[in-house]
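Biologist: I am new to this structure. Show me how to read its salt bridges, please.
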Amino acid sequence: MEMLTDGLINLAQAVGMLFLTPFYYIALLFLWLLYRRQMYLERRCYHTRLHSLAGPMLAAVGAGWAVGLAMSLIFPFIGMQVNGQTLILLWGTALLLVWLRIRYFCLAYAAGMLGIIRGVYELLPASWQDGHQVHAAAGWLTDAVAGVHVPSLLILAALTHMAEAALIRLQGSRWATPLFVEGKRGKIVGAYGIQGFWPVPLFLMVPAGDAGGIALPWHTLFPAGAESGWTFAAFPVLIGFSELTKTRLAEVKTRMTAARLAAYSVFLLALALLTLWQQWSLIPAGILAILLHEAIALLSHREEERDPPLFIHDSRGLRVLGILPGSPADKMGIRAGEIITAANGRKVRSKDDLHRAIQTNSAFCKLELLDRRSEPRFVQRALYAGQHHQLGIILSPDNRTDVYVEFLSKPLWSYFKMKMAGLRRRGSDPPPADGVGM
């Protein structure tokens, strides 16, 4: 009972320390920039927002806390061998990598880089391992590198990727954004921009050192030492993903990504055990942690380039790309990926056909659809004055569509100016922010 009381007090102190460190607020700022950019893009494309800023952020923060607390129940059985210097190195490495590319803001890349650096450090002559002879800052850095426990970092990366896989599976497609993008041979096709990021507060069980600590009645995977107890340490991380799919429904794409990340997390656990038993494996394990994560991104990109686009019209009718929230189409239950074959008894093969068919009855609309399994179904609804002339349906682009979203490779600070993506017209400079003309 005394151990439980001491543990809860120690955990409460760690929660308080979480809000005194800048890293959690950096994660929240990053999250705010991402969803602000998404709203900006939606307004430019559709003259309305498809998602709010508060909804995704609150859901992400709540899910992050739930996952973080659940993961923190595992750490007392592992006994993470990390200290304050290691956590600073981990966050510092992640912040340096994010300036190269946004998706490098990932624990796997930072842990892999530190694994490589720690392995190189072990290969240096003993006289080179003491940075105090050069400068105080160099001495702090060499001490911090010497204190990096690579197996703990790889296990931390594995657990966070397992949590990321679960969150992607549950929430990844909820805030996907329908887009027009340039496909093969310059053809404009429909796509979905999918992103999900979650600030996760972790409370690691780490050695307390000379300050005493909690004596656990069980053996941990990594022992704290004969004269040291355990204490909780707050460590916020930002986990998440970003995908662009032209060939699959957003739900299908997120399921595939979640399954691959889950498999990757299992491999990271194997690497962690290897580095625990074999000191020579530090550099190979760090390289593999980075390369395998890159392989997941490369595989996704190649699949998108190889497979035919999904969101295009065909001879059966008009493919639905998206639905405006709260619109008549939303209330009728129309879903992305379905095909509209007829409206008010008239066959439709173009946007003009659909518009004319809807106008034949201004008070009522009946649509004939092929669902995602190509099975026919019917939906109908009364219409009222002021409702969207196309019911709030975002149709896939056709041959007359020439405005699309182009994603630009810009530095991180471009997020503050909303310059990471813009509308572009085929064969011309970017047009003004006047929507996609649907």
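Modeller: This is a predicted model.

Biologist: Which residue forms a salt bridge with Asp353?

Modeller: Arg356 does, with 2.9 Å between the closest N and O atoms. Arg356 is also partly exposed, at 46%. Both sit in helix H12 (residues 351-359), 3 residues apart, so about one helical turn separates them.

Biologist: How many salt bridges does the structure hold?

Modeller: It holds 13. One of them pairs the side chains of Lys246 and Glu305, at 3.7 Å from N to O. This pair links distant parts of the chain, 59 residues apart. Lys246 lies in the loop between strand S3 (230-245) and helix H9 (250-277), while Glu305 lies in helix H10 (residues 282-306).

Biologist: Is Lys246 buried or exposed?

Modeller: Buried means under 20% relative accessible area. Lys246 has 13%, so it counts as buried. Glu305 is partly exposed, at 37%.

Biologist: What does Glu251 form with Arg372?

Modeller: A salt bridge, whose closest N and O atoms are 2.9 Å apart. Here too, distant parts of the chain are linked: Glu251 is in helix H9, and Arg372 is in the loop between strand S7 (364-370) and strand S8 (376-382). The two are 121 residues apart.

Biologist: What relative accessibility does Glu251 have?

Modeller: Glu251 has 27%, so it counts as partly exposed. Arg372 is partly exposed, at 29%.

Definitions and conventions: Residues are numbered from 1 along each chain as its sequence is written. This is a predicted model: local features need pLDDT of at least 70, side-chain atom pairs count only at pLDDT 80 or more; totals for chains, interfaces and linings use all residues. Side-chain values use heavy atoms; hydrogens and water are left out. A salt bridge is a side-chain nitrogen of Lys or Arg within 4 Å of a carboxyl oxygen of Asp or Glu. Helices (H or I, at least four residues) and strands (E, at least two) are DSSP runs, numbered from the N terminus. Buried means under 20% relative accessible area, exposed over 50%, partly exposed in between (1.4 Å probe, protein chains only).
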